Amino acid sequence: MSFAVLFDYDGTLVDTEPVILACYQHLFDTYDSPYEFDETIKQEVIGPTLKDEIGKLFPSYDTELLIEDYKQYQLQFDASYFKKMDGADEVLEVLQSRHVPLGIVSSRSLDSLLGLIGDWDVFDVVIGHGSVAEDKPSPMGIYKALEMLDCKTGMYVGDNVSDVLAGKNAGMFTVGYVSRMANESALKASEPDVLIYNLKELISLLKRLDV
């Protein structure tokens with residue numbers, strides 16, 4: 001099959017928000033920042049790369065050192081702290097039964113992704129931060145996944161504007177997944193091909209697309 005289905009990871013397949021916020025809280029408790037860790041910043045840090053956000057929020061420090069501190073703090077949270085999104089297992093089971101090539105394209109580091117995927121052995125390819133030269137909204141990660149899967153096109157599912165833009169830039173069918181209502185208006189404004197509120201909606205969508 002030349003049509004692949006690719007997913008973002010954080011906030012799309014798995015609810016990683018509590019752990020992400022705990023790690024950022026650690027940084028704010030430890031280092032000085034010109035910003036307050038308020039609700040606006042808490043929404044902002046969900047999605048972008050650590051390099052981009054930490055560099056902005058803690059401009060007086062070496063970004064790479066703080067990223068390492070973040071990652072070390074995150075080690076206390078194993079896969080049991082990350083809850084799969086409602087419908088994720090069901091959707092992946094359906095796709096696997098149809099022999100659809102599956103992949104993850106995420107801004108999370110590849111090592112972290114491989115450690116968290118756990119018992120999910122359905123993915124044919126996993127692309128993370130560092131796998132390609134540019135993160136989303138660049139299409140490079142999606143292009144690499146398609147190349148590795150020997151697919152020409154497909155669908156990209158994500159919960160952030162950068163996911164929709166990356167999918168569009170790669171010429172994919174884009175699905176904006178509203179896993180957090182705070183992100184709904186921004187996702188709508190990014191104009192994905194389809195907007196969904198539960199991953200189970202993908203099953204009927206894929207039937208309509210004859211996938």
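A strand is a DSSP run of E with at least two residues, and strands are numbered from the N terminus. The exercises below concern a predicted model.

**Exercise 1. The largest cavity**

Determine which element gives the largest share of the lining of the largest cavity, and how the lining residues divide by type.

*Solution.* 
Step 1. Counting cavities of 30 Å³ or more gives 1 cavity. The largest cavity holds about 60 Å³ of space.
Step 2. Its lining consists of V105, S106, S107, I127, G128, V132, E134, D135, K136, S138 and G141.
Step 3. The elements that give two or more residues to this lining are β4 (102–109) and β5 (125–129).
Step 4. The largest share, 3 residues, comes from β4.
Step 5. By type, the lining divides into 3 nonpolar, 5 polar and 3 charged residues.

**Exercise 2. Helix α5**

Explain why the buried residues of α5 line one face of the helix, and state what covers them.

*Solution.* 
Step 1. Buried means under 20% relative accessible area. In α5 (residues 88–97), the residues A88, V91, L92, V94 and L95 are buried.
Step 2. Viewed down the axis of α5, these buried residues fall within an arc of 160 degrees, so they line one face of the helix.
Step 3. The face turned away from the buried side of α5 carries the exposed residues E93 and S97.
Step 4. The cover over the buried residues of α5 includes β1 (3–7), β4 and α10 (201–208).
Step 5. Just after α5, H99 takes a positive phi of about 60 degrees.

**Exercise 3. Helix α3**

Identify the buried residues of α3 and the exposed residues on the face turned away from them.

*Solution.* 
Step 1. In α3 (residues 50–57), E53, I54 and L57 are buried.
Step 2. They cover an arc of only 90 degrees around the axis, and therefore lie on the same side of α3.
Step 3. The face turned away from this buried side carries K51 and D52, which are exposed.
Step 4. Among the elements covering the buried residues of α3 are α1 (17–30), α2 (39–44) and α4 (63–74).

**Exercise 4. The whole chain**

State how many helices and strands the chain has, and explain why it counts as being as compact as a globular protein of its length.

*Solution.* 
Step 1. The chain has 10 helices and 8 strands.
Step 2. Its radius of gyration is 17 Å, close to the 17 Å that the globule rule gives for 211 residues, so the chain is as compact as a globular protein of that length.
Step 3. Of the 211 residues, 53% count as buried.

Terms used
Residues numbered from 1 in each chain as written. Predicted model: local features only at pLDDT ≥ 70, side-chain atom pairs only at ≥ 80, totals over all residues. Heavy atoms only, no water. 1 Å grid on protein atoms, 1.4 Å probe; cavity = no way out; pocket = protein on both sides within 12 Å on 5 of 7 lines; lining within 4 Å. Points joined across faces, edges and corners; volume = space filled by probe spheres on them. Helix = DSSP H or I, 4+ residues; strand = E, 2+ residues; numbered from the N terminus. Nonpolar A, V, L, I, M, F, W, Y, C, P; charged D, E, K, R; others polar. Buried < 20%, exposed > 50% of the residue type's maximum accessible area, 1.4 Å probe, protein only. Arc of directions from axis to C-beta. Contact = heavy atoms within 4.5 Å. Rg over C-alpha atoms; globule rule 2.2 N^0.38 Å.
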